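I opened this entry to look up a hairpin, a helix crossing and a pocket. My notes follow the display.

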Amino acid sequence: MNAGKYIFSQLVSFLPKRVFDGIVKRHEGNKWVKHFTCWNQLLVMMFGQLAGCDSLREVAAIIDAIKSKSYHLGFGSGDIKLSNMSYANAKRDYKIFEEFAYYMIDLAQSKRITRPFELNGKFYAFDSTTIDLCMSLFEWAYFRKTKSGIKVHTLFDVATQIPAYIHITEAKLHDVKAMDEIPYEPNTFYIFDKGYYDLARLYRIQCIGTTAPTASMIMMRHPVRKLSDIL
C-alpha cells in the first residue's frame, strides 16, 4: 500500500491554491457549485494533459478507472462525469484559469536561470501554432472546407524558455495581424520569421518608448516551423 503522496499530488502541491481561490472568489467561479469546483476542474484538466489524453471522454474514462484514488489526487470525493466536465468547461469563466496561468508564468519568470550569455534587455521569439478542431462542434472557428481550427500565438522568453504571453484566435487569422496584440516593451529584442514581415507594424515596434531604448527586431532568413528551431 502506498503510504506517501502520488506523483501527481506532489506536483499539485507546488501550486499556490490560496492565489487560485482568490481569483475564483473574484470571478464567482464556485457560485452554486456543490462538488466539482474550479480547483477540481483545474486538476482534472491538468491530469488529462499530463496523461496525454486526446478528449474529455478519455479523461473521464481514466478517472473513472482510478476513482478509488480520486480524493487523494485532488479531484474531489464525488464521481466525475463526462457531462460535468463538459458543462464546466463550457460555462465557467475562462478568465479564472487564464489569470492563474499568467500568475504562474510570472512566478516561473522570477525564478529564471542565470545564463553566461545575456543581451542588454529581454529576448523574445514570437510564432503561432494551429490546432485543428471538429467542424460539427466548433462551427464558430471555421477554417477550411472540412475542418475548424484555432491559432495559439505565443510570445516565448528565450532566456527562461517560458511563454510570456499567449493569444488565441481563429485559425484563419493571418499571423501578421497578431503582432498588434503583443504587449511590447522598450529595450527588448523580438524574433519573427518572414511571415510577420510588415514594415508598418515593425516601424511601430521600433518607435516604442521615446525616453527609453527602443525595441529591436531580428528577422529570420528562413521561416521556422517551431520555436525550438531558433534556440
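I began with the hairpin that strand 3 and strand 4 form, with 4 residues between them. Q161 in the turn has a positive phi of about 60 degrees. Helices (H or I, at least four residues) and strands (E, at least two) are DSSP runs, numbered from the N terminus.

I noted that this model is predicted: local features need pLDDT of at least 70, side-chain atom pairs count only at pLDDT 80 or more, and totals for chains, interfaces and linings use all residues. Residues are numbered from 1 along each chain as its sequence is written, and side-chain values use heavy atoms, without hydrogens and water.

Strand 3 and strand 4 pair in the antiparallel sense over 8 bridges; pairing takes at least two DSSP bridges. I found I162 of strand 4 as the bridge partner of D157.

Next I checked helix 2 (residues 17-27) against helix 7. Their axes (lines fitted to C-alpha atoms over the stretch in contact; angles run from 0 to 180 degrees between N-to-C directions) come within 9 Å and cross at roughly 150 degrees. The contact (heavy atoms within 4.5 Å) includes F20 and I23 of helix 2 and F97 and F100 of helix 7.

Last, I looked up the largest pocket. A pocket is an open set of 1 Å grid points where a 1.4 Å probe fits, with protein on both sides within 12 Å along at least five of seven lines; lining residues have an atom within 4 Å of a point. Of its 39 lining residues, M45, Q49, N89, F97 and I168 are the closest to its centre. Helix 7 gives the most to the lining, with 9 residues.
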